[in-house]
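Try each task yourself before reading on.

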Amino acid sequence: MAYDWSYDVASVRGLYSSLSNGWTYLNADVCPQVPERVASAVARSFRLAASVSPPEAASGSHSRRLIGQPEGLNYLASARYAIADLVGATANRVVLGPSLPVLYASLIAAMRPQFRYNSSVVVTHLDRPELHAGLSLVDADVRRAHADLGTGELPAWQFTELVSGTTRLITVPAAHHQLGTLVDVADVVDMVHERSRAWVLVDASAYAAYRCIDFDEWGADIVGIDVSQIGGPQISALVFRDTAMFRRLGGTVALDVAPGLAGGAAEAVEHLAVLAALQQPASGKVTRRDRLKASMTQTTAYMDHLRDDLYTFLGTLPAVHIMGASGEAAAEAAPDRLPVLTFGVRGVPAATVYERLIDNGIVTSLAAPSPLLTDMGLEEMNGAVTVGLSPFNTEADINQLIRVVASLA
């Protein structure tokens, strides 16, 4: 099936009503802008979640099955189907929850029967620290995989030493949300599964906004998604490799989600599927998953182009240090990263850089301290500023950022 897709950033900008307020948003790492279709869907869902829709005259595989039930139940089902399409899975493997830290804690609690004497868990310094809070619920040896402090990348070979037959769970992010570094998830999963029957839990939240997720290609056991990171409502999901895994859990993982919020999840996924417009409709059935894969291919290509310019032009400023990319220690850093970076200006506190950018209409974020960034010298740099690009950003946005930073550097 042949597709002819194109990426039109002007059309993409028209999908976000928030861009009309004059700010240049470069803070997708912490606060992605919400597309208009998502905001409208959530508002509509809150209005109608308690209502009962009239029965449909037609029948078939696409007819409404929840006759006489509140419309909110359909929103929850639609959210599961949409997230399944997002990662390349099936809806019966999707578990919803209010946030990823809460879902992680619920999963660890449900896995408690698997944590017996001498059990171990492997986490990484690239994980968001709040995701590990649930580990206090179990009596297990916590082992840590460390990132290279020069590049911020995670060497996969560590897992050959950290994982053993006693290991029950490994958590790893697909990408770091502040440095943009990517993890070779498939390589990590292969190493783990060669040595253990442990489950590999991948946080794909930062990755999902920029790259297409292929569950089968990764080979992971569980994939976590924070839907708000793709501009959706504040709900999250865990997607399991197969439904047989539920039988190994000592309790349920699913948590209550507001149907009104769930009503925006499908539109958030649909938004990613229409970022690149189909110019010549193909013959035959085109599924949402097909459209997602094709759209994200074009979006990734566009965003990678912006990323290259961002790193190149910011990196040429002599007083600027890009964490994981500047200096001799980062000479061997992989060029393939998300369009996200964290930088500091020599002799200028990060708060001053942030405020100067705000004064010029540019919204970034102050890098939140974490064990990894601290080890990489965040405090010695007097803090740092994180830039996270969005699908609506342009070359002009990059140039504006460089001009302001250059005035400080």
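Keep in mind that this is a predicted model.

**Exercise 1.** In what sense do strand 14 and strand 15 pair, and over how many bridges? Then place the pair in its sheet.

*Solution.* Start with the pair itself: strand 14 and strand 15 (residues 385-388) run in the antiparallel sense, joined over two bridges. For a residue-level handle, look at L366, which stands opposite V385 in strand 15. Now zoom out to the open sheet of four strands, where the order reads 11-12-15-14 and the pairing is antiparallel. Strand 11 (320-322) and strand 14 (365-366) are at the edges with a single partner strand each, so one side of each has no neighbour in the sheet.

**Exercise 2.** Which strands does helix 11 lie across?

*Solution.* Follow helix 11 (residues 288-315) and you'll find it lying across strand 11, strand 12 (340-345) and strand 15. For the direction, take strand 12 as the reference: helix 11 runs at about 10° to strand 12.

**Exercise 3.** What is the strand order in the open sheet of seven strands, and which strands stand at its edges?

*Solution.* Reading across, the order is 3-9-8-7-6-4-5, and the pairing is mixed. The edges belong to strand 3 (94-97) and strand 5 (141-145); each has a single partner strand, so one side of each is left without a neighbour in the sheet. From one strand to the next, the twist averages 20°.

Strand 3 pairs with strand 9 (residues 236-240) in the antiparallel sense over four bridges, and the bridge partner of L96 in strand 9 is A237.

**Exercise 4.** How do helix 3 and helix 10 pack, and what kinds of residues make the contact?

*Solution.* Two numbers come first, since a pair of packed helices is described by the angle between the axes and the distance between them. Helix 3 (residues 71-87) and helix 10 (residues 265-273) pack at about 30°, with their axes 8 Å apart. An angle under 35 degrees counts as roughly parallel, so helix 3 is roughly parallel to helix 10. Their crossing is left-handed.

Now the residues: S78, A79, A82, I83 and L86 in helix 3 meet A265, A266, V269 and L272 in helix 10. Sort them and you get eight nonpolar, one polar and no charged.

Terms used:
Residues are numbered from 1 along each chain as its sequence is written. This is a predicted model: local features need pLDDT of at least 70, side-chain atom pairs count only at pLDDT 80 or more; totals for chains, interfaces and linings use all residues. Side-chain values use heavy atoms; hydrogens and water are left out. Two strands pair if DSSP finds at least two bridges between them. Contact means heavy atoms within 4.5 Å. Axes are lines fitted to C-alpha atoms, for helices over the stretch in contact, and angles run from 0 to 180 degrees between N-to-C directions. Angles under 35 degrees count as roughly parallel, over 145 as roughly antiparallel, 65 to 115 as roughly perpendicular and the rest as oblique. A crossing is left-handed if the near helix is turned anticlockwise from the far one by less than a right angle, and right-handed if clockwise. Ala, Val, Leu, Ile, Met, Phe, Trp, Tyr, Cys and Pro count as nonpolar, Asp, Glu, Lys and Arg as charged, and the others, Gly among them, as polar.
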